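The following note sets out points for a colleague who wishes to examine this structure. It covers strand pairing, aromatic contacts and pockets in turn.

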Amino acid sequence: MIARRTWVGVGLVAATLAGGVVFVGMRSGGAPSTALDLRGGLLYVDGSGRVRQGDRVGPACHRVDVAAGTLVCLRATALPDQAEVVVSDGSGERLRVTEWGLPSRARVSPTGRLVAWTVFRAGDSYLGGVGTFSTTAGIYDLASGDHYGSLEDFSLVLEGQPHTADDVNYWGVTFARDDVTFYATVRTGESTWLVRGDLRTRTLESVRRNVECPSLSPDGTRIAYKFRTGDTWRLHVLDLASGADVPLADPAHLDDQPQWLDDRTVAYGRDKAVWSVPADGTGSPILVQPDASSPAVPR
């Protein structure tokens, strides 16, 4: 069993408001970075691990997300089992946070104010048995400078009851537009749950069982997520008001936190490519970008 962890291994290395061109000074290999358009055009991570946007080449990242002119890049460092979160905007790098673990997920809130990340602890797996599963997720407020640490430090309520078990693991944060509400996945015991969080009260409340890697739609009404059956996942979309749930048209197993291209279309990485599929369960998968992962859509 993974013991309940206090927030350790997280170090705020730098938080600057440096001027200059975006991405100057960000570590990358191969071709030099060029300025990305953080207000329009699909971004993704290519097969070499660089962020791409058409002919533009960005920093080296494992995961990327962007909203309201704020870009978050989550990547491994040169040190074993260490990741870093690098946040930039039109004025340059704004934040760099190091985290013990391997990069897994990254998100920016719709306003660009909040950033979130998830890392795996070394050797862990989503599909591992009991005792082999360990992740941690953190949130940072760029406007206030508040670092919320790990979600394990929040109070959790499952099905109306306080839950204080030691085996909780969180991953896959997605934000609402109010910069207070967010959703994430928690695993405890043999179950995973969609939880709704409140940054003001540092609380989390269960919404639905068997929901992983949630992604809130741009209009804030639906959650795209991974539904697990045995050792396979399939994309579903959950309507938060009615509870109606629909499997999407790609039946293939995939392991990704989906991204909404718009209110009607969900994108995701599978088999070293970015695909999209209608959010209402109709249609069929469309190849968006080969040799790519981690789609991100500036809004």
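1. Two strands are taken to pair if DSSP finds at least two bridges between them. The model is predicted. By that criterion β24 and strand β25 (residues 273-278) pair in the antiparallel sense, over six bridges. Within this pairing, Y268 stands opposite W275 in β25. The hairpin of β24 and β25 has two residues between the strands, and D271 takes a positive phi near 50 degrees there.

2. β24 also pairs with β23, again in the antiparallel sense, over three bridges. D262 stands opposite T265 in β24. These two strands likewise form a hairpin, with two residues between them.

3. How many residues of β24 are buried? Six of the six are, so the strand is largely enclosed by the rest of the structure. In a regular strand the side chains alternate between the two faces of the sheet. In β24, T265, A267 and G269 point one way, while V266, Y268 and R270 point the other way, and all are buried.

4. The bridge partner of V195 in β18 is S206.

5. With planes over 60 degrees apart counted as edge-to-face, the pair of F154 and F182 is edge-to-face, because its planes are at 85 degrees, with the centres 6.2 Å apart. This second pair links distant parts of the chain: F154 lies in the loop between β12 (147-150) and β13 (155-158), F182 lies in strand β16 (residues 181-188), and the two are 28 residues apart.

6. Taken together, the ring pairs link Y148, F154 and F182 into a cluster. Y148 is buried, at a relative accessible area of 10%. F154 is buried as well, at 3%, and F182 is also buried.

7. The largest pocket has a volume of about 290 Å³. It is lined by 21 residues, of which P110, F175, L216, P218 and R299 are the closest to its centre. Two or more lining residues come from each of β5 (63-67), β9 (102-108), β15, β19 (212-216) and β23 (259-262). β5 gives the most, with three residues. By class, this lining has 10 nonpolar, six polar and five charged residues.

8. The second largest pocket has a volume of about 240 Å³. Of its 17 lining residues, H62, R63, R105, D255 and D256 lie nearest the centre. β9, β24 (265-270) and β27 (292-296) each supply at least two residues of this lining. What is the make-up of the lining by class? It has five nonpolar, five polar and seven charged residues.

Methods: Residues numbered from 1 in each chain as written. Predicted model: local features only at pLDDT ≥ 70, side-chain atom pairs only at ≥ 80, totals over all residues. Heavy atoms only, no water. Helix = DSSP H or I, 4+ residues; strand = E, 2+ residues; numbered from the N terminus. 1 Å grid on protein atoms, 1.4 Å probe; cavity = no way out; pocket = protein on both sides within 12 Å on 5 of 7 lines; lining within 4 Å. Points joined across faces, edges and corners; volume = space filled by probe spheres on them. Nonpolar A, V, L, I, M, F, W, Y, C, P; charged D, E, K, R; others polar. Buried < 20%, exposed > 50% of the residue type's maximum accessible area, 1.4 Å probe, protein only. Phe/Tyr/Trp six-rings, centres within 6.5 Å; stacked < 30°, edge-to-face > 60°.
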